[in-house]
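Hello,

Here is the structure we talked about. Please look it over, then read the notes below.

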Amino acid sequence: MTDAFQPLMEVLQQVKGYIYPNEVELHWGLLIVVYPYITGLVAGAFILASLERVFNVREVQPTYRLSLLTALAFLIVAPLPLLAHLGHPTRSFEIFLTPNLHSAMAMFGFVYAWYLTVVLLLEIWFDYRKDAVVWARNERGLRWFLHRVFTLGANDLSPRSLEFDRRAGRLITLIGIPSAFLLHGYVGFIFGSVKANPWWSSVLIPVVFLFSAIVSGIALIMLLYILTSLVRRIEIDMACADKLASFLLYALIVDFSLEMLDFIQRLYEAEESIHILSQMIASRLFISLVVLQMLLGTLLPMIALALISPAFRGQGRALVQAPPELRRLVYFCSAILIQMGIFSTRWNVVIGGQLFSKSLRGLTVYKMELMGLEGFFMSALLLLLPFLLLYLLVVVLPPWPDKEVSLEAVNADLLSAGQTGQPD
Amino acid sequence: MKDPDSQDQRLPSPDGSLETPMDRRGFLARSLPVPLTLLTVLQGGQQEPDQPKPAEAAPYKASDHNYSMGIDPARCIGCGRCVEACKTENDVPREPFYFRTWIERYVVQTDGQTMVASPNGGIAGFPPITETGILRTFFVPKLCNQCAAPPCVQVCPVGATFTTPDGVVLVDEAYCIGCRYCIHACPYGARFLHPVSHTAEKCTFCYHRLVKGLIPACVEVCPTQARIFGDLNRRSSPLSRFMRMNQIQQLKAHLNTAPKVFYANLDGEVK
């Protein structure tokens, strides 16, 4: 036997009980953990953006554009872990060309294309168009070129066209909310619809995925907002941070309640699979599920946010009054813990669903590779790549409120261009 | 006395006829017309005009068949010949992680514990039982259940895995993208990813043999006829007899996959 099979031989040594012989190889590894994690961040960041746009939560306005760009950066990377994981990546286009319409996975191409083009790109375009037109007029070189290309030649800054931009953006956000639900609910459905697997097969999985997505998205924007403010040396808008923390807490409570409901339902029904699943939770998944996901990733930040944020009492009043510096620190640490917790959630779903045998008689182990297409470094790279993309996007399309072109600037621009509300 | 179950399991040849071995009685019966014909010719007689002509060989029509397998665990001795034959016939990787078919040994103990094992798929038989307090033991051959409602076919994003008109679930190796969703969708652990082709693989009922009128390799080599292969559309066949004469169970029937591998008098411990 060649060295290529050595890892599988090691797994075979660590199998407990009986597993079907074909189950020694674990098929969905770290890359498939990364995939729902990334799409969750996309959906969550977009839903946060929609808070300002559709639900008029004015406080979170400073994060609106950052959320959109973050969603875009992560969405661009989202298919890469899938691609790297395929046995034949070069055949992946068949999903688009000859999809099996009965397959949940085949819908990926359509859901992804819809979300990328109809929702995110259009919304960003309508939102940034006036800025790009005004920026381009005072720029030279690459930035001028990029902003000119971005406008697609639509340079009309008349009040009528600006109003159209605003309405179109709002409409797209309205379409975008169910689309974001669809995007991540669909990823949950990929797992939840596998009746062969009792750990996955649950009608609640898409809903749990959705709310964990919202949690992870808000937490990520919280982290990015605090970090970018530090880097840019500007004062953090505490009203915004408090509001983010409040919504984070609400989403976390719903998410945790749904997970508990799923857990209690399984325990109470105590179906045939309960014995092996209990064994798995008590042994193979104890650290990642009980410690990382539940205690450190959910309960601890939940308690911290409940005490420090003004989520329950409103008007900036919290259960424990804390100075802004402390609140920022708590929010920051909570957001990091939550990211870790949500990543663990994805891990526990994807890897956990493969650690027990479908014979319900044994447990296996997951041996993570370091190198190679499906290895640790590849996954780490794919998790860093969105941040690089986000940096580039931020350079080209600054999302900061102080960089946004105001109506006064638009009018001044119109005057300087010798126009009065007419398209150029 | 001839075993009533040990009937000829050969399939109809592609033209639909079932060739039977010629015994002495058959030989004489067939030889009888020869001298008569010679006599007629010599007498200058003519062939009757309304005599039916031999039927023209009909092409193999896949939709006429619905292949299936019966398994009688009581007959299985766990020799592993079927596993070996399958690996040889289908070029299945020899490593102990890839099986189109395998044998499980169940040891049910008096304290209610059940120990299951399938060392290297049972290809080289099984070691002596070390457990004590044994209530009953038995072997169970496993393979793809060729479900009539296959979840693997449902989930394949590109339609690379499909059901043939003659009721066999196959994978198009040239089309499979290697996403492995089908492997997860299969409740029976019957699929694996081929380490060289990087495509999903599973039992095909030796489809390449079926279309030539042969039976699957595992059925062919089984020394105890624990596997009975046949066509569910044929009323008189060893498989029909097997289905008539036994209490029939399917694996994980509650999942509504409509398996087409039928087990006779299966123990409740088998999942």
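**Helix packing around α3(A)**

In chain A, the axes of helix α3 (residues 64-77) and helix α6 (residues 108-137) come within 11 Å and cross at roughly 145°. Axes are lines fitted to C-alpha atoms, for helices over the stretch in contact, and angles run from 0 to 180 degrees between N-to-C directions. Helices (H or I, at least four residues) and strands (E, at least two) are DSSP runs, numbered from the N terminus.

This is a predicted model: local features need pLDDT of at least 70, side-chain atom pairs count only at pLDDT 80 or more, and totals for chains, interfaces and linings use all residues. Residues are numbered from 1 along each chain as its sequence is written, while chains are lettered from A and ligands numbered from 1 in the order in which they are written.

On α3(A), the residues A:R65, A:L68, A:A71, A:L72 and A:L75 meet α6(A). Their α6(A) partners are A:Y115, A:L116, A:L120, A:E123, A:I124 and A:D127. Contact requires C-beta atoms, placed from the backbone, within 7 Å.

α3(A) also packs with helix α9 (residues 205-232) of chain A, at about 115° with axes 10 Å apart. Here A:L66, A:S67 and A:T70 of α3(A) touch A:L220, A:I221, A:L224 and A:Y225 of α9(A).

**The sheet in chain B**

Four strands form an open sheet, in the order β9-β1-β11-β10, with mixed pairing. Strands pair if DSSP finds at least two bridges between them. The edges are β9 (227-231) and β10 (248-249). β1 (residues 67-71) and β11 (residues 261-264) run parallel, joined by 3 bridges. B:M69 has B:V261 as its bridge partner in β11(B).

Regards

Terms used: Two residues are in contact if their C-beta atoms, placed from the backbone, lie within 7 Å.
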